[in-house]
Amino acid sequence: MNNRLLLIGGLATLLLVLVVAYLVGLWAWIVLGVIVLLLIGLAVWDMTQRRHSILRNFPVIGHARYLLESIRPEIQQYFVERNVDGKPFNRDQRSLVYSRAKGQDDHKAFGTERDTNLIGYEYLLHSTAPVPTPEPLPTVRIGGPDCRQPYDISLLNISSMSFGSLSKNAVLAMNKGAGMGGFIHETGEGGLTRFHRGNGADLFWEIGSGYFGCRTEDGHFDPERFAAKAVLPEVKGITIKLSQGAKPGLGGVLPAAKVTPEIAEAREVPVGVDCISPASHSAFHTPRELMRFIGRLRELSGGKPIGIKLCVGSRTDVLAMCKAMWAERIAPDYVIVDGSEGGTGAAALEYQDNVGTPLTEGLMLMHNALVGTGLRHMIKIGAAGKVVSGSDIVKRLIQGADFTMSARAMMMATGCIQAQKCHTNHCPVGVATQDPRLMRALDVDDKANRVHNYHKLTVREAVQIMASMGVSNPSQLTTRMLRRRVDHLTTRSYASIYHWLREDELLEDPPRGWAADWAEADPDTFGEHAPLPYAEAGPRWRTDLAVDTSALPVRGLRPAEPPRQAEEVEEVEAGADAGAPARERVPVGAGPGGRGGWGDAGGDAAEGGGRGAEEGRPQPRTGGRAPVRDAAPATSGKEPNRGTRRGETGSTPVVSDAPRPEGRPGR
């Protein structure tokens, strides 16, 4: 049926073209002939190439499938999704950012489109007696006992995005907007560049494992280069990036072809050489060494606030850092918790979907750990990950944060349309690209005003929401003010859903749910290292258990026998006593140390049972057979087509072992 429709449609189109050509004249026939020749050439190419099966079976018209696939995100986003369905950010969230950035009306008519009876729905509790909105807008002071230059930070700031990931115009626009609004612009691990300076913006200089901007030639930390930049007046704090929300535990490789002179200057690396960001830092390897590194940076910077940024992983690691703070009497001035729902220019899908702790859980874990160890009063916590609206800010403050950071919302304020092409260098609006033709569309002054507008109106809305809750200062927010629907009939507050530690509880009497992790946490080791009970002993049959096999069903003793050769089976004679039961046949080496044959169950248990104890060495894996490219089918009886080049057929090349640009662990 489909082929008939295609044939009818093709004939109808051809007939229409012929009629038009007849009416227009000779030139139309010439153009028509050229088009037909091009289509015939395309059809020949499609039928001879080997990469796309659809094009081999449906030449020419098969390209319609790839055309529609290429515009699927736009069709989905603009015509299919509801206002509250889109991901990572839905239409309502994007419209909110765009309208506030432009200074337009951000109200919406006719009520919410969200299902308030859906499990997981959260809402804030308003007060019967709201208070006036405080003026000026509140800020949070960052600075521990050893900080000599504390800083008052806004409730919302620009999260880390490197020059290189963003275009220079996008960096300039955000930086100017931050200067106009008086909030922090975090540089990203790509380095402190000339595009971050001279616009009046306050900066948090982020230092990653590549130490860009303060590195030696071999990629290690250079204290002299660091000190020269850390004392700059616009640098208000230094952030040590341990991990990133969208790809925690993963390093990165900026290919040599993308290391332009401008990026090389910013990162202080050679032009045209792979720029590698390892998975972990070389300046420290343990929680104790991390605290000493924090103390060293504080001295080199003249006492400015020093913080760490991480996507929370193991709770043991967090507690180990807390123990190291007490052991060294050195603590960061702030901790930025990046949720796994955070964004990045590029990350493997497996990492984005499956690795790292979501912001809600990570934020509460960090808050509880610092409270329970008596450190919370001197360490401020920032929250980063899908912070878009004023209500997002208030929710994160209730969950344990003191301030918030936003990256993708600031990108949208700069003009981002969520095309999700950040890693392709083809960003259509010039935000995440180094293509001069594309970035010229981004007007720096206009977008700087939008960044300023978005920040001002969003923070004002957050403060207005707090006033509606009867709160005039963020410190008055409590966990009872945020509720979640836990089933179709019940809502509960965060105070009752989660267990919140009291001050010094881990130091005095760790609760049952935290005791094992607290005992395991070691200030001299990252990672969970408690031994597994079943892994302590080597492979052997246990003699401390008396098992009466006659009381067990046969199925419990013997699995279904796999197909095997006759010589692999050992027949077991029955006992001399005719009344004695026959001895069961069990797999030789079925337990640890065996090779999987079949033997006598009456072997010596202390030696592992039969032949498995003697021949129980694991067999090495072959590593797989290399693929054969362009091979003829096995049934054809023909030799492989060795004369055909890949460029002519479009066959898929075998992926090399070189590091992927998206980032492969440095070690």
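## Helix packing

Angles between axes under 35 degrees count as roughly parallel, over 145 as roughly antiparallel, 65 to 115 as roughly perpendicular and the rest as oblique. The axes are lines fitted to C-alpha atoms, for helices over the stretch in contact, and the angles run from 0 to 180 degrees between N-to-C directions. Helices (H or I, at least four residues) and strands (E, at least two) are DSSP runs, numbered from the N terminus.

This is a predicted model, in which local features need pLDDT of at least 70 and side-chain atom pairs count only at pLDDT 80 or more, while totals for chains, interfaces and linings use all residues. Residues are numbered from 1 along each chain as its sequence is written, and side-chain values use heavy atoms, with hydrogens and water left out.

Helix α8 (residues 223-230) packs against helix α10 (residues 287-300) at an angle of about 50°, with the axes 9 Å apart, and the two are therefore oblique to each other. In this contact (heavy atoms within 4.5 Å), P223, F226 and A227 of α8 meet R296, L297 and L300 of α10.

## The loop between β6 and α8

G208 is found in the loop between β6 (202-207) and α8, and is buried, with a relative accessible area of 1%; buried means under 20%, exposed over 50% and partly exposed in between (1.4 Å probe, protein chains only). Not counting residues up to four places away in sequence, G208 touches E189, K241 and H281.

Y211 lies in that loop between β6 and α8; although not a glycine, Y211 has a positive phi of about 50°, and at 0% relative accessibility Y211 counts as buried.

## A cis peptide bond

E135 and P136 are joined by a cis peptide bond, with omega about -5°.
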